Amino acid sequence: MKMKLASLALGATVAAAPAMADLVFPSLSYRTGPFAAGGIPFADGYADYFTLLNERDGGIGGEIAQVPECETAYNTEKGVECYEATKDSGALIYQPLSTGITYQLIPKVTADNIPMHTMGYGRTSAKNGKVFSHVFNYPANYWDGASAGVNHFLEQSGGSLDGKKITLLHFNGAYGREPIPTLEALAEKHGFEFNAIPIDYPGQEQKSQWLQIRRERPDYILFWGWGVMNQVAIQEAANIRFNMENFMGIWWSGSENDVKPAGMGADGYKSVQFHNVGSDFPVFDDIQKYVVDAGKAAGAGDQVGTVLYNRGVYAAFLAAEAAKQAQEANGTSAIDSGMMRDAMESLTITAETMEAAGLPNFGPEFSVSCMNHGGDGMAAIAQWDAEAQAWTLISEFAPSDASVIDPLINADSAAYASENNISEGCS
Amino acid sequence: MFYREAGDFKTSYKDDNQTFPIKFDRYRYYAVLFVAFALVPFIVNDYWVNAMLLPFLIYSIAAIGLNILTGYCGQVSLGTGGFMAVGAYACYKFMTAFPEISIIVHVILSGGVTAAVCILFGLPSLRIKGFYLAVATLAAQFFLVWLFNRVPWFYNYSASGQINAPERTVLDIAVTGPNTDAWAKYMFCLVFLTFCALIARNLTRGTIGRTWMAIRDMDIAAEIIGVNPLKAKISAFGVSGFFVGIAGALLFAVYLGAAEAGDSFGITKSFLVLFMIIIGGLGSIFGSFAGAAFLVLLPVLLKNVLVGMLGWPTDLAAHLEFIIVGGLIILFLILEPHGLAQLWRVAKEKLRLWPFPH
C-alpha cells in the first residue's frame, strides 16, 4: 500500500509537471469507450491546430501551446480526475466535450477561475453570463439547434407545422434531454405534436424505439445521439424506409462516421451544423504540410477534413483567438486563466479573423459579451450525399427563435442561481 | 516474535472479546487511525483527494454495505448502483428541501431511505435464491435508474435531469459545493467511513452477524436451529442498504457535485462494487477496504505510470489499463479465490509462527 502510494505520488507529480512558460490547453479527450468514434476526430483536430500554430507561427504570440491529453472515456468520474490532474499546470481553458462532465466542472471552474468553453453542448442556460461567469457556449447551443431544426421543418412543410408530429429521438442523459423544454415550447407556438423517445446508454440496441416510431408515424424526427447510437439509428431508419429528408440530427449526430455504415440508405439524411463542412479551406493545406506530412499529427492522422475533426479545429481556433486577444489586452504573452476568461467575454470573431486563420466563412460572425456568453445562435443545415460521400450545407447560417429560447434560458439560469446562492454579475 | 497472543494476558471478558485480540494488531489499528485522522489531512492536495482518497473512502463504504448482504448473508445483489442512486437522490431532495438542517443529518437520512427501498426489493429473497435473486436485484437496478430519469420531481424539474449539490457546511466549514477545501471533504468522508466500519464490524461479530452467516452457510439448517430467515434476510438488506445509501449520498454530494442516474449509477457501478468485494474477500470488512483500494487506486496508478511517466498515447494506455486490471483480477481469483483478505489472513498466520515455522 505504501509502495503504491509512493509511486502514485511520483506519477502524479510527473503528470502534473508545471510548464510555466507555455500556454496550456488541456484536452479531456475520449479515445476509448462507446463514444470514441466521436471523441477521436475532435481530439485530433484540437491537438493538430495547436501543433500547426507551434510549427508554423512559433506558437501563440511567441508562446508555445501545449495540449496535454487526458483520457476520460466519457466517464464523469474520470473527467473529475483529469480536471484535478491538469488544472494546476496553468490550464487556460477546458473543453470537456461531454455534457455530463460539463455539469461537474461548472462549479469547479468557477471556483478555480478557469474558463470553460462548451461549444454546442453542456448546459444551455450557461449562455446567461450573469449567472455562469466562467462558462461559455458560443457560437451556438442545443436550444438553438432544436430551433434551427424546427425552422427547417417549418420551411419544408410550407410555412406551417400545424397538426404535424415531431419526434425527438434522444440519448437518455443530460445531453439528450436538454432540448426537450425548447421543443415543448416550440410545439405550443407552432401547433405541432411533440413526443420524446429516449435511448439508453450506449444505444447499440434500438429496436423498440424504432418500433414505436413505426407505430406513431411522426412526420419529422429530430435526433440527439452520439457515438455508436448514431450509426444504429440511421441504419434503423434506413431499414424501415423512413424518408431521410425528414430525419435530422443535431451537430453531434452528423459526421461521416454516422452515415457511412448505412451506405446508400443514409442518402439525404440531414444535420444541424454551427460551422462549415469539408476540407476546402486553406488551413487544411497548412495542417497537411506542417503537421501531417511532418509526422506530428495526433492520433492516426487520418481524420483531417471530417466533420468532427473540423469541429476540433474550430474549437482550437476559437481558444487560440481568445488567447491572442488576451495577450493583446494585457500586453503580455504569458497570460493566465483569469485573463483568458476576460478575453473570452469580449471575444469578437469577424470574417477577417477567420480569413486570417485560413478558415474563411468557416463559421458565423459573432461577438461575446458579459450578458451573452452564447453568441447569436446561428446554425445551418447540412445534408449527406451518399453518392458523393460528402456533407454539404444546404442553407445559410440563420438565427434561432430567440423569442422562445431567451425566456427559457432566463428561467433555467435563475433556478440555478437560486439553488446555489449566486448573485447576478455584469452590473 | 512480536505478532502473537502469548504474553498478552486478558483478565476480563471484555478484553477477551475485543475486536483485535492481538496486541500488535491493536497498535497497528491505532496507528492507521492516527495517520488517517491526524497526518493525512495536513498533507493532501486537491488531486490526491479528488482522484484517489475520496473515491477510495466512498467505495469502501459501498463495499462494506454490499459485503454485509453478499459476503455475510449470502444474498447476491446486482442492484448496488441503483441503491446508491436512491441515496444520492434522497440526499439531493433533503438538501434542497431542508437547507437549514445539517448535511450530516441528510446523509444519514438518505441511508435510512435507501435501507427502506432496499428492504422492499429484498422481500423476494425470501422465496428466490442465488442467481434468481441476482436477476431480481438487477431489475431493481434498472427500475430505479429508469425512475430517476423518468420522474422530474426527483431532479426538481431541471431541464437536463442533472442534480447539483449546493454548498453545505459543517461547523461553518464547507463540505459540499465547489469552494470546499480538499481536507474538509476528506475528513467528512473519513468520519462516515470510520463509523460505518465500526458499526459493520461489531454487527458482524454479534448475534445478528451470526444469524446472517448461518443463513449464508445453509439456510435450512439455520431455520432448524431457530434462526428466523425473514428477520435475518430483511435485516441484512436493511443494513446493507443503509451503508450503500450513505455511499451514494457522499458520492453525489461530496465527490461528484453533480450527478445523473444513468451515467453515475448505472449497471457498471453495481459490477464495480461487486468486483471490489470479490477481489477483496467476501465476508470480510478488511476485504472491503482492500478491494476498494485495488479497483480505485490501480487504474489511477497505471494511468500515471503509462501516460505520465512513459509518455504513451492516452488511448493505448487506457486499453492497456483494461488488459492489466482484467488480467490481475483473473490472476488473483485463480491464485487466491478468497480474495485479498485471505492473503492477509495467511500472512498473519505465518507471522504468528515466524521465525520458527515447523
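This is a predicted model: local features need pLDDT of at least 70, side-chain atom pairs count only at pLDDT 80 or more; totals for chains, interfaces and linings use all residues.

Along the principal axes, the C-alpha atoms of chain B fill a box of roughly 70 × 55 × 45 Å. The secondary structure of chain B comes to 15 helices and four strands. As for burial, 48% of the 358 residues of chain B count as buried. If you take the contacts in chain B with a separation of 6 or more, 75% of them join residues 24 or more positions apart.

Next, the contact between the chains. Chain A puts in 42 residues and chain B 40 residues. On the chain A side, the elements that each supply at least two residues are α1 (2-15), β4 (69-71), α3 (76-86), α4 (99-112), α6 (174-177) and α15 (402-419). Sorted by class, that side of chain A has 17 nonpolar, 14 charged and eleven polar residues.

Now to chain A by domain. The domain assignment gives domain 1 as 17-141 + 280-375 and domain 2 as 142-277 + 379-407. Over C-alpha atoms, the centres of these two domains of chain A are separated by 26 Å. Their contact takes 23 residues from domain 1 and 25 residues from domain 2. On the domain 1 side, α2 (36-57), α4 and α12 (307-330) of chain A are the elements giving two or more residues. Which element has the largest share of that side? It is α12(A), with five residues. By class, the domain 1 side has twelve nonpolar, ten polar and one charged residues.

Last, a sheet in chain A. It is an open sheet of seven strands with mixed pairing, in the order β8-β7-β9-β10-β11-β14-β15.

Strands of a sheet pair through backbone hydrogen bonds, in either a parallel or an antiparallel sense. For β7 (residues 165-171) of chain A and β8(A), the pairing is parallel and runs over seven bridges. One position to look up there is A:Leu169, whose bridge partner in β8(A) is A:Ile197.

Technical notes
Residues are numbered from 1 along each chain as its sequence is written. Chains are lettered from A and ligands numbered from 1 in the order in which they are written. A residue is buried if 20 or more other C-beta atoms lie within 10 Å of its own, exposed if 12 or fewer, and partly exposed in between; C-beta atoms are placed from the backbone. Two residues are in contact if their C-beta atoms, placed from the backbone, lie within 7 Å. Ala, Val, Leu, Ile, Met, Phe, Trp, Tyr, Cys and Pro count as nonpolar, Asp, Glu, Lys and Arg as charged, and the others, Gly among them, as polar. Domain bounds come from an automatic or database domain assignment. Two strands pair if DSSP finds at least two bridges between them.
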